Amino acid sequence: MAHTLILYSTTDGHTVEICKRIQQTIEAQGDSVRLIDIRDGLDLSSESFDKIVIGASIRYGKHQPLVNALIEKNQAILESHPNAFFSVNVVARKPEKNTPETNPYLQKFLKKISWQPQHLGVFAGKIDYPSLGFFDRNMIRFIMWMTKGPTDPAAVVEFTDWDKVEEFGQMIAEM
Ligand SMILES: Cc1cc2nc3c(=O)[nH]c(=O)nc-3n(C[C@H](O)[C@H](O)[C@H](O)COP(=O)(O)O)c2cc1C
C-alpha cells in the first residue's frame, strides 16, 4: 500500500474540494492519502511517504508565493519521490487553455521554478460571486466580462470537470 501526500494552496477552498476527489479516487485503489494545507508549514524532511502531489489555485495571475517557497526548499525531496503538480484557475474553463501545455499560468509557473514535476494537471475552478468582497467581486466580474464569462453578481459557477479530476487521481494511484 502506497502513502501519498497531497499538499494544497487554496484561498476559498475549491482546491481542497479537488484534492478530496483525488484522495477518494486514490483511496478507492487501496492506497492511503494525507491532505495538508501548505500554510501549516509541514517539515517534509521528517515525513514518511511514497508519492507527493502539490495543488495550487491562481489568484490575480499567480499561485501563492508559499507554493514557490515550498518547492524551492524541498526540491530534492520532491525529486526523490514520484511527484505531480496541478493548478486550479478559471482560464482553464476554456477548452484551448485547459491542458498543462496550453494553460498560460501553468506554463509561466514552470518557467519560474527549477523543479520539473513528473506529472502535471490543470483544472478549471469555481466562481462564487456572493462570497467575495466588493473589490474582488467586481474585479472578477470585469475580467469575466472581458473574457466572455458569467458576470451576474449572484452567480455561483463551478467549471471543474470532475471526470478529469478523477482521471488525474487514477494516474496518481498508478504512478
Ligand atoms: C480574487 C480572485 C482572483 C482570481 N484571479 C484569477 C486569475 O487571475 N486567473 C484565473 O484564471 N482565475 C482567477 N481566479 C479564479 C480562481 O482561480 C478560482 O476561483 C479557483 O477555484 C480558486 O480556488 P481556491 O478556492 O482553492 O483558491 C481568481 C479568483 C478570485 C476570487
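This note covers the nonpolar cores, the aromatic pairs and a surface patch of the structure.

1. Basis. This is a predicted model, where local features need pLDDT of at least 70, side-chain atom pairs count only at pLDDT 80 or more, and totals for chains, interfaces and linings use all residues. Residues are numbered from 1 along each chain as its sequence is written, and side-chain values use heavy atoms, with hydrogens and water left out.

2. Largest core. The largest nonpolar core has 22 residues. A core here is a set of buried Ala, Val, Leu, Ile, Met, Phe, Trp, Tyr and Cys residues joined through side-chain atoms within 4.5 Å. Leu 7, Ile 54, Val 67, Ile 71 and Phe 85 touch the most other members. At least two residues each come from strand 1 (3–9), strand 3 (51–57), helix 2 (65–79), helix 3 (104–112) and strand 5 (119–124). Helix 2 gives the most, with five residues. Helices (H or I, at least four residues) and strands (E, at least two) are DSSP runs, numbered from the N terminus.

3. Val 67. Leaving aside residues up to four places away in sequence, Val 67 touches Ser 9, Ile 38, Ile 54, Ala 56, Phe 85 and Phe 109. Contact means heavy atoms within 4.5 Å.

4. Second core. A separate core of 17 residues includes Val 53, Ala 84, Phe 86 and Phe 123.

5. Aromatic pairs. The whole structure holds six aromatic pairs. Rings of Phe, Tyr and Trp (its six-membered ring) pair if their centres lie within 6.5 Å; planes under 30 degrees apart count as stacked, over 60 as edge-to-face and the rest as tilted. Phe 85 and Trp 115 are edge-to-face, because their centres are 6.4 Å apart and their planes at 90°. Phe 85 sits in strand 4 (residues 83–89) and Trp 115 in the loop between helix 3 and strand 5, so the pair ties together parts 30 residues apart in sequence. Phe 85 and Trp 115 are both buried (under 20% relative accessible area; exposed is over 50%, partly exposed in between; 1.4 Å probe, protein chains only). With Phe 109, they form one aromatic cluster.

6. Helix 4 pair. Phe 142 and Trp 145 are stacked, at 6.1 Å centre to centre and 25° between the planes. Both lie in helix 4, three residues apart, about one turn. Phe 142 is partly exposed at 44% relative accessibility. Trp 145 is exposed at 61%.
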